[in-house]
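Please keep the sequence and the 3D view open while going through the numbered points.

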Amino acid sequence: MTPWLTVVGIGEDGFKGLGKHARRALMGASRIIGGQRQLELLPVCIRGERQLWPSPFSLAQVLERRGEAVCVLASGDPMFYGVGASLARQVPTAEMLILPAPSSCSLAAARLGWPLQDVVTVSLVARPLAALNAQLFSGVRLLLLSNDGESPAAVAGLLRERGFGASRISVLEHLGGSAERRIDGTADDWRDAPCADLNVIAIECLADSNTPRLSRLAGLPDSAFRHDGQLTKRDVRAITLARLAPTPGELLWDVGAGSGSIGIEWMRAHPSCRALAIEADDGRQQLIEHNRDALGVPGLQLIRGSAPQALAGLERPDAIFIGGGVTREGVLDTCWAQLKPGGRLVANAVTLQSETTLMHFRERHGGELTRIHVAQAQPLGEFDTWRQALPITLLDLVKPRDA
């Protein structure tokens, strides 16, 4: 099948920077769709009808022209945080030709001399700035796709707030074009100077001496979370997440989420991990909202309500953690019914009643029961002794794939 749709990546150097296949596609297109800036880069000799993307954004005007010679313009590489990825989900690959130009991140890495495979890239385009918090580690190099000209100042402010004020920042504007410019500084001394809307922010992360280390491995310090005491403590949390075993793209239900620690650490395991935090208490809901942003996972979705009623209509999960409410009628059974085949369910119990509930559930569905004892050394007069935390009973089971 001859492709009717061509997606052309175009850089700041405009039409003259395109290859022959891209030029030929534009010359032969009956309709060209793109943003104002991209369309203005085309010379008058391009005869196809020019059409702006609608607001709010929609692919409908492309899809309804199926069979016509249509070109879509995109900045740089259309498959790198671009419209090409959206179109590829709706248009068969045999009907579409994608002709990329160098992405802004490729150009930035070339200017900086950074090996691109060693750099973490983050898009801030229409995304919460708080997502950057999950990427802040001393020694890491970041390339950020800015939302607009105010992004560099906002990023510098966040770095200072998170204890990374010594980090080096470079803002690269209009990469590949005649107006290309580079601004260098540190987060501590960054001034709110105007920047072009089209910019990439490069960061060499450097933590201040007193900035706490927050690993991506399970078991963040309890002090990393705001909580009212309803928190799965660090050592138990690490064991619980090891049993939940997050893998890329999976969805977790954190039922009775408390301060949200399990769902937050699940999402920190991989950028594509998702989580729903189900919590009925208003105060704890506010704690979850604070913690998810502070720890860089603003995409964690808060479900306000009590299980099992609040579970109705939710997307079926790959894993479920029940940290509170196992004795509430219908919670365990509803969670088990909604869990995908092959999914993992982990439930923790502190009281005798909740432990008994888990034992009865295990009799019906199998699984493994584990008793967790954690003790910490604390002062006793002039000496130290062990202070035993409340023991935790953990039920861990996998739903049969034929269930």
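1. Helix α6 is followed by G163, whose phi is positive, near 85°. The names of helices and strands used here come from DSSP runs, a helix being H or I over at least four residues and a strand being E over at least two, numbered from the N terminus. The model is a predicted one, in which local features need pLDDT of at least 70 and side-chain atom pairs count only at pLDDT 80 or more, while totals for chains, interfaces and linings use all residues. Residues are numbered from 1 along each chain as its sequence is written, and side-chain values use heavy atoms, with hydrogens and water left out.

2. Which residues of α6 are buried? They are S151, P152, V155, A156, L158 and L159, where buried means under 20% relative accessible area, exposed means over 50%, and partly exposed lies in between, using a 1.4 Å probe and protein chains only. Seen down the axis of α6, these residues fall within an arc of 160°, so they line one face of the helix; the arc is that of the directions from the helix axis to the C-beta atoms. As background, an α-helix has 3.6 residues a turn, so residues three or four places apart point the same way.

3. The buried residues of α6 pack against β7, β8 and β10, contact meaning heavy atoms within 4.5 Å. Helix α6 (residues 151-161) lies across these strands and runs at about 20° to β10. Axes are lines fitted to C-alpha atoms, for helices over the stretch in contact, and angles run from 0 to 180 degrees between N-to-C directions.

4. The sheet itself is open, with five strands in the order β6-β7-β10-β8-β9 and mixed pairing; two strands pair if DSSP finds at least two bridges between them. Because β6 (120-123) and β9 (181-186) stand at the edges, each with a single partner strand, one side of each is left without a neighbour in the sheet. The twist averages 20° from one strand to the next.

5. Strand β8 (residues 168-173) and strand β10 (residues 199-204) run antiparallel and are joined by six bridges, and L172 stands opposite V200 in β10. Helix α5 (residues 104-112) also packs on the sheet, where it touches β6, β7 (141-145), β8, β9 and β10, and its direction makes about 140° with that of β7.

6. Leaving aside neighbours within four places in sequence, T240 is in contact with I262, F321, V346, N348 and L394.

7. R237 is placed in helix α7 and is likewise buried, at a relative accessible area of 0%. Once neighbours within four places in sequence are set aside, the contacts of R237 include G219, D222, F225, I262 and E265.

8. T6 lies in strand β1 (residues 5-10) and, at 10% relative accessibility, counts as buried. Apart from neighbours within four places in sequence, T6 is in contact with A25, V70, C71, V72, L97 and L99.

9. How do helices α10 and α11 pack, and at what angle? Helix α10 (residues 331-338) and helix α11 (residues 352-365) pack at about 40°, with their axes 11 Å apart. In this contact, L332, D333 and W336 of α10 meet T357, L358, F361, R364 and H365 of α11.
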